[in-house]
Amino acid sequence: MKPASAKSKGRNHQKAVAAMVTEIFELGDGDVEWTSMGASGIDIKLSPKARSVCPVSIECKKQRKHPAVAEMKQARYNAYLGTIAAVAWSPHGSGPEEAMITFNMREFFNLLKELQDERKSNAAG
């Protein structure tokens, strides 16, 4: 694959991730932005409002294989304070609906616990 084609696919992946976050969390223009390829820092920039409803720092990868330790280290290094570092990745040949997210297992279980606690609270109240 030519470098320009790879960069274009990566850029389109970033745009799709930003659009999905904006849509699902019902955010406005400027709350979620993608960065240019090769720019330092996190790939999906979130406004303080966006971070309050989606406390995840997202690194984007469009690659043939599942992200490894290096990609997670990059996500943690670039993460906003108080957010979950994650890698949104999509294998070549797949679209945004097949994209996956990778993050720390303990953080996954903590999120499930928070959801469970909220459901119990709503059921009791």
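**Which residues is Val21 in contact with, leaving aside its neighbours within four places in sequence?** In this predicted model, the list reads Leu27, Val32, Leu46, Cys54 and Ile58. Val21 also belongs to the largest nonpolar core, where it is one of the residues with the most contacts.

**Figure 1. The whole chain, to get your bearings.** Start with the parts: the protein has four helices and five strands. The C-alpha trace spans about 55 × 30 × 25 Å along its principal axes. There are 125 residues, and 33% of them count as buried. Now take contacts between residues at least 6 apart in sequence: 50% of these join residues at least 24 apart.

**Figure 2. Inside the largest nonpolar core.** This core has 17 residues. Besides Val21, those with the most contacts inside it are Val17, Val32, Ile44, Leu46, Val56 and Ile58. Who supplies the core? Helix 1 (3–24), strand 2 (44–46), strand 3 (56–62) and strand 4 (84–90) each give two or more residues. Apart from this core lies another one, made of five residues, including Ala75, Ala85, Val87 and Trp89.

**Figure 3. Strand 4, wrapped up on both faces.** Seven of the seven residues of strand 4 are buried, so the rest of the structure largely encloses this strand. Look at one side and you find Ile84, Ala86, Ala88 and Ser90; on the other sit Ala85, Val87 and Trp89, and all of them are buried. Strand 4 also has a partner: it pairs with strand 3 in the parallel sense, over seven bridges. To spot the pairing, find Val56, which stands opposite Ile84.

**Figure 4. Met37 in its loop.** You'll find Met37 in the loop between strand 1 (32–34) and strand 2. Gln63 is 26 residues from Met37 in sequence, and their C-alpha atoms are 14 Å apart in space.

**Figure 5. The surface and its charges.** The protein exposes about 8200 Å², with carbon and sulfur atoms supplying 55% of that area. Then there are the charges: 18 positive and 14 negative. Take the mean position of each set, and the two points are 9 Å apart.

Note on methods:
Residues numbered from 1 in each chain as written. Predicted model: local features only at pLDDT ≥ 70, side-chain atom pairs only at ≥ 80, totals over all residues. Heavy atoms only, no water. Buried < 20%, exposed > 50% of the residue type's maximum accessible area, 1.4 Å probe, protein only. Contact = heavy atoms within 4.5 Å. Areas by Shrake-Rupley, 256 points an atom, 1.4 Å probe, with all protein chains shown as cover. Lys, Arg positive; Asp, Glu negative; His and termini not counted. Charge placed at Lys NZ, Arg CZ, Asp CG, Glu CD. Core = buried A, V, L, I, M, F, W, Y, C linked by side-chain atoms within 4.5 Å. Pairing = 2+ DSSP bridges.
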